Amino acid sequence: MAETKLFIDGEWVEAASGETFPTYAPSTGEKIADVAKAGREDAVRAIEAARRAFDDGPWPRLSGAERAEKLRKVAEILNGRVQEISEIEARDGGGTIKKAMFADVPGAVSSFNFFADCAQNMPEVVERGESPFPPAKSIVRYEPYGVCSGIVPWNFPFIMASWKIAPAIAAGNTCVLKPASFTSLSAIEMVKACEEAGIPKGVVNLVTGPGGSAGEELAQHPAVDKVAFTGSTEVGRRIMQLASGTVKKVTLELGGKSANIVLDDADLDLAAAGVLFGTFFHNGQVCESGTRALVSRRIYDEFVGMLVERAGKIVIGDPMDMATDLGPLVAPSQVDTVERYVKLGLDEGAKLLCGGSKPTDLAQGLDPNAYYLPTIFEADNSMKIAQEEIFGPVLCVIPFDSDDEAVKIANDSIYGLGGGVWSKDLDRAHAVAARMRTGTVWVNDYHMITPNQPFGGYKQSGVGRELGDIGFNEYRQVKHVWANTATDRSGYLHFSALSANI
Ligand code: NAP
Ligand code: MG
């Protein structure tokens, strides 16, 4: 049985307590490793190492191009290990090997390459013009914050780790990463690649362990300058509170209940595939999943018929098999949550169109308690199943009569993370997209997130942005330097605002 360690100050170490916790392959329920269980003490050691590496180490003092070179090396190492890391990712989290090989590992590789480009190409000093009187020159310096902690969820462990580590260190910060307890293993591989690439000690630290202790320390310790959190809205609120003690910079990527709007002039064939992909990809365990399909009443019956018919064709099985579309959820406890919501939906009067139970025909050896069928409800937007994030394979279909009504329903949510619009008329689709109060809208597509464009939430879906030049700048402070260029007192008339006699 594998036993993993923490990575602190360039060393692989056990938790101070010597304790470990198990991680399982949810598809079979089999234990696959004992993971070092960091407590507060370990988090503090990691933060202090990151602090020293920032205050006294070489990393923040390298040029952007020098840092870029190291990030590209990390990308190259990871790219050489796609198969191996994909297997770890799929086994530990239950996502399919197909998803890991096409999305997770290549996605993390491109994050490192993209933020390497940012470090190299986005200037650290920008001239901002001259003041005629008093004569002065202004520059703005973009500087790292210092120590950044990154806390990530279990649904995309590898990609999420790259979204925290790569921009932080590209900008010259140092960091401490905490993976989710369900899925600690793939982040270890990323940190090994950082070590192998020669990133100096203390720049990247890893603490695996519970959110309630190690995680809280990362959010509140005075030596941390920025907290970047991805996870539930509930824990996001707690992170904000903890960080407020020392007024840290905070970025939050939280939950969602995104609307996928199908207008009456949509290509129904494409839109049906897009709505199913938008909801059921990775069992709906995606923060921006389009879990509310808003469908024009003019095409409603035909379209919903297509959804139900095609949902039955999704192949459920062993995540390690390339032919599998959906594996288990992350754990049986997540299936319990889905079951609770399905019961609630039925109690609320939603009409169950398909699914609504665990599959009964799984292959031998797979854990039936970790799986759930793609489930479609006809619902009203006021129902809890249409308002609360389920984080499972449950789609609510909701009819509408006009574009105005579709926008109104879409925006009737505490969340605002993603959303889609399906129409053959791009002007009409853009008009709808412009009115959606949400951080990302896909027109005739879904789930496309690229490292070079910003991603984040409106309303209770988050604060700040990740990815893109905008996300990179969330890891850089802005310092204005004003230099008076006068050679005598005539350029200092403003001193008279105090006194002409000084
Ligand atoms: P979660 O329970 O909020 O946990 C997220 C992370 O926070 C985990 O590493 C967790 O550690 C840690 N944590 C828990 N309590 C903490 C505390 N008091 N202080 C500090 N850290 C704490 O979320 P999850 O169940 O892992 O993930 C699902 C949620 O993430 C969904 O709501 C989903 O929408 C959201 N999500 C959002 C995005 C986005 O970009 N907007 C992306 C992916 C997921 P433990 O694992 O040890 O509890
Ligand atoms: Mg696991």
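Is the crossing of α9 and α10 left-handed or right-handed? In this predicted model, the crossing of these two helices is right-handed. Helix α9 spans residues 268-280, and helix α10 spans residues 300-311. Their axes come within 10 Å and cross at roughly 50°. Angles from 65 to 115 degrees would count as roughly perpendicular, and angles under 35 degrees as roughly parallel. The two helices, α9 and α10, are therefore oblique to each other.

Residues from both helices build the contact. On the α9 side, L268, D269, A271, A272, A273, V275 and L276 take part. They meet E302, F303, M306, L307, R310 and A311 in α10. By class, the contact of α9 with α10 has 10 nonpolar and 3 charged residues, but no polar ones.

Attention now turns to the sheet. Strands of a sheet pair through backbone hydrogen bonds, in either a parallel or an antiparallel sense. Here, 3 strands form an open sheet with mixed pairing. Their order is β1-β5-β4. Strands β1 (2-3) and β4 (20-25) stand at the edges. Each has a single partner strand, so one side of each is left without a neighbour in the sheet.

Strand β5 covers residues 30-36 and pairs with β1 in the parallel sense. This pairing runs over 2 bridges. Within it, E3 stands opposite D34 in β5. A helix also packs on the sheet: α3, made of residues 82-93. Helix α3 touches β4 and β5. The direction of α3 makes about 95° with that of β4.

How values were computed: Residues numbered from 1 in each chain as written. Chains lettered and ligands numbered in written order. Predicted model: local features only at pLDDT ≥ 70, side-chain atom pairs only at ≥ 80, totals over all residues. Heavy atoms only, no water. Axes fitted to C-alpha atoms, helices over the stretch in contact; angles between N-to-C directions. Helix = DSSP H or I, 4+ residues; strand = E, 2+ residues; numbered from the N terminus. Parallel < 35°, antiparallel > 145°, perpendicular 65-115°, else oblique. Left-handed = near helix turned anticlockwise from the far one by under 90°. Contact = heavy atoms within 4.5 Å. Nonpolar A, V, L, I, M, F, W, Y, C, P; charged D, E, K, R; others polar. Pairing = 2+ DSSP bridges.
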